[in-house]
Amino acid sequence: MRFRFLFACLMLVATALRAEEPRTVLTLADQPLRLIRGAAVYKAGSGVAVQKDDILETETAGAQVEAGADAIVALGPQSRVLVANLAPDGKSPVELELLQGWAKVYAKGRRAVVVTPALQVTVPSGSTIVHAGEGLDAVFAEEGEQQVARAGTVLKLATEQYAGIDASKQQLVTSRPPRAFVSAMPPAFRDHLARVPGVRNAGKVAPVKERDAAYADVDDWLASTLPARRRFVARFKPRLSDPDFRKQLDRKLGQSPDWKPVLYPARRPDNGLF
């Protein structure tokens, strides 16, 4: 009897500890985000736990994701980011893939890497502001020494230095942040990132599934040059059972090295005698 009692107590303690495990949470969403998880589309609001490889897409309002006090990510309006790694363990690197828009990343005591279709930004520890798309791929090192790379060119940035792509030469250049960058930057990015207090049911709110992903939901991601593209074949292969998804993907990417072997698998050689 005593053994069963002790076992039950241990199970209750273990359950309580699991319930309090730290999570990566969408802590601020003035309006619901579009969340692409696996091969399905969801709506996600404040309190939803964010998982590895989730794609978050804002609309007309920004958002914030937190993995503890030492890793905070803010997104501007009309931004699209894949969370390659944002664990709340305080040790592993923060890894984001920014397809479009604005991201501000604070990582204290842990490395952060933000990859866009044109740049790779590495932050050993500090805060950075990155923009991708619309002819303005750039980074502003808000706090801490950072590194930005493009096509073999690597530049080191000190605090409050800016680097962007010279549209005429397609080369990385450093300068003071140009007026276009400053005026387009979300106003909230001017403030230091801080945790959002009192998030209700943090990490326990379930996202609302809307539908399986249509090709239009992911076409820009599938055609991008981001590192996650290599994982998209396995991720979205189940959607090929949808004739419309398959038809559109075949038309756009059917001859690509990633998708051609899936859409048109090689026939096995005929080992017959004739």
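**Helix packing and a strand residue**

Modeller: Helix H3 (residues 215-222) and helix H4 (residues 229-236) have axes that come within 10 Å and cross at roughly 150°. Axes here are lines fitted to C-alpha atoms over the stretch in contact, with angles from 0 to 180 degrees between N-to-C directions; helices (H or I, at least four residues) and strands (E, at least two) are DSSP runs numbered from the N terminus. It's a predicted model, where local features need pLDDT of at least 70, side-chain atom pairs count only at pLDDT 80 or more, and totals for chains, interfaces and linings use all residues. Residues are numbered from 1 along each chain, and side-chain values use heavy atoms, without hydrogens and water.

Biologist: How are H3 and H4 oriented to each other?

Modeller: The axes cross at roughly 150°. Angles over 145 degrees count as roughly antiparallel. So H3 and H4 are roughly antiparallel.

Biologist: Which residues of H4 meet H3?

Modeller: Contact means heavy atoms within 4.5 Å. From H3, the partners are Val218, Trp221 and Leu222. On the H4 side they are Arg229, Phe232 and Phe236.

Biologist: Is Val154 buried, partly exposed or exposed?

Modeller: Val154 sits in strand S14 (residues 153-157). Buried means under 20% relative accessible area and exposed over 50%, with partly exposed in between (1.4 Å probe, protein chains only). At 47% relative accessibility, Val154 is therefore partly exposed.

Biologist: Which residues does Val154 touch?

Modeller: Leave out residues up to four places away in sequence. Val154 then touches Gln147, Val148 and Ala149.

Notes
Angles under 35 degrees count as roughly parallel, over 145 as roughly antiparallel, 65 to 115 as roughly perpendicular and the rest as oblique.
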